[in-house]
Amino acid sequence: MSDKIVEMGEGFWNIRGSFKIAGLLDIGTQSSLVRLKTGRFVMLDSYPLDGAVKEQIMSLTDQGKAVQAVINVHPFHTAFVKKTHAQFPAAMHIGTKRHHDLFPDLKWANLTTDDPRLHEQFADDLEFSVPRGVDFIPSNEKLHFSSVLVFHPASKTLHVDDTLTYVSLPLVSGLRFHPTLSQVLQERAAAAAEFRAWAMELVERTKAIEHLATAHMKSLGPQDGLSEQIQNALNNVEDTLRDHERKHG
């Protein structure tokens with residue numbers, strides 16, 4: 001899979017990259033470049049730039065010097081963190097607690113990606129949403145459900161990693177919540193209700209969103225009825241939520 005840049009909207013560039021499982025199956029990955037109102041930039045997720053993609057991004061960002069921050073939004077997307085630190089040494093690098101624990105030798109910002117105080121710092125340009133009712137960093141490292149969703153109102157774009165994914169199979173297709181939801185719902189009363197309420201907020205919020213960037217797939221780009229697609233995704237996990245409520249209340 002060749003790296004490429006997709007311009008999602010004014011001031012938002014989605015970088016489609018390569019990520020291979022066992023060195024064979026390329027499921028792809030992503031990073032995004034966002035231009036702030038100040039004229040500086042933020043990178044969402046770490047990915048090493050190369051070739052024509054690198055040339056374009058470096059041209060936009062004054063050879064990387066205009067990149068204010070790299071914000072890693074998924075606890076388990078860590079494969080390219082070191083290389084991105086090296087490519088943008090002057091940027092503030094922001095990660096989850098798992099990023100800090102895995103790479104204690106790297107220079108991290110004090111606030112983690114899921115911290116509301118960090119979200120306030122970028123509130124002029126970005127809006128953040130952290131799923132509720134689910135474990136953000138589960139002990140089982142195969143459960144990649146949770147990530148911090150990032151909205152860029154100026155371009156009407158949503159950047160999201162595994163929490164929402166696009167499935168294209170013969171009997172199952174369309175936008176879906178990650179299939180590990182049942183395993184990350186917190187084992188307590190009201191967890192399912194909290195997740196449902198969060199998802200309904202997402203349905204409402206995406207009525208103003210026109211572009212979607214998700215990991216491990218082709219870039220969806222402009223989307224008609226994104227809010228309705230997320231409502232359908234929620235409908236598809238309703239049995240899971242009800243089963244959890246029957247068990248935990």
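**View 1. Salt bridge between E127 and R205.** E127 and R205 form a salt bridge, with their closest N and O atoms 2.7 Å apart; the term denotes a side-chain nitrogen of Lys or Arg within 4 Å of a carboxyl oxygen of Asp or Glu. This pair links distant parts of the chain, since E127 belongs to strand β9 and R205 to helix α6, 78 residues apart. Helices (H or I, at least four residues) and strands (E, at least two) are DSSP runs, numbered from the N terminus. E127 is partly exposed at 33% relative accessibility, and R205 is partly exposed at 23%. Buried means under 20% relative accessible area, exposed over 50%, and partly exposed in between (1.4 Å probe, protein chains only).

The model is predicted: local features need pLDDT of at least 70, side-chain atom pairs count only at pLDDT 80 or more, and totals for chains, interfaces and linings use all residues. Residues are numbered from 1 along each chain as its sequence is written, and side-chain values use heavy atoms, with hydrogens and water left out.

**View 2. Salt bridge between R98 and E141.** The closest N and O atoms of this salt bridge are 3.0 Å apart. R98 lies in helix α3 (residues 97-102) and E141 in the loop between β9 (127-129) and β10 (149-152), so the pair ties together parts that are 43 residues apart in sequence. R98 is buried, with a relative accessible area of 13%, whereas E141 is partly exposed at 45%.

**View 3. Salt bridge between E210 and K156.** Here the closest N and O atoms are 3.5 Å apart. Because E210 is in the loop between α6 and β14 (211-214) and K156 in the loop between β10 and β11 (157-160), the pair ties together parts that are 54 residues apart in sequence. E210 is partly exposed at 39% relative accessibility, as is K156 at 36%.

**View 4. Contact of helices α6 and α8.** The axes of α6 (residues 191-205) and α8 (residues 238-248) come within 8 Å and cross at roughly 150 degrees. This makes α6 roughly antiparallel to α8, a label for angles over 145 degrees. Axes are lines fitted to C-alpha atoms over the stretch in contact, and angles run from 0 to 180 degrees between N-to-C directions. A191, A192, A193, F195 and R196 of α6 meet E238, L241, R242, H244 and E245 of α8, where contact means heavy atoms within 4.5 Å. R196, E238, R242 and E245 are linked in a network of salt bridges.

Definitions and conventions: Parallel < 35°, antiparallel > 145°, perpendicular 65-115°, else oblique.
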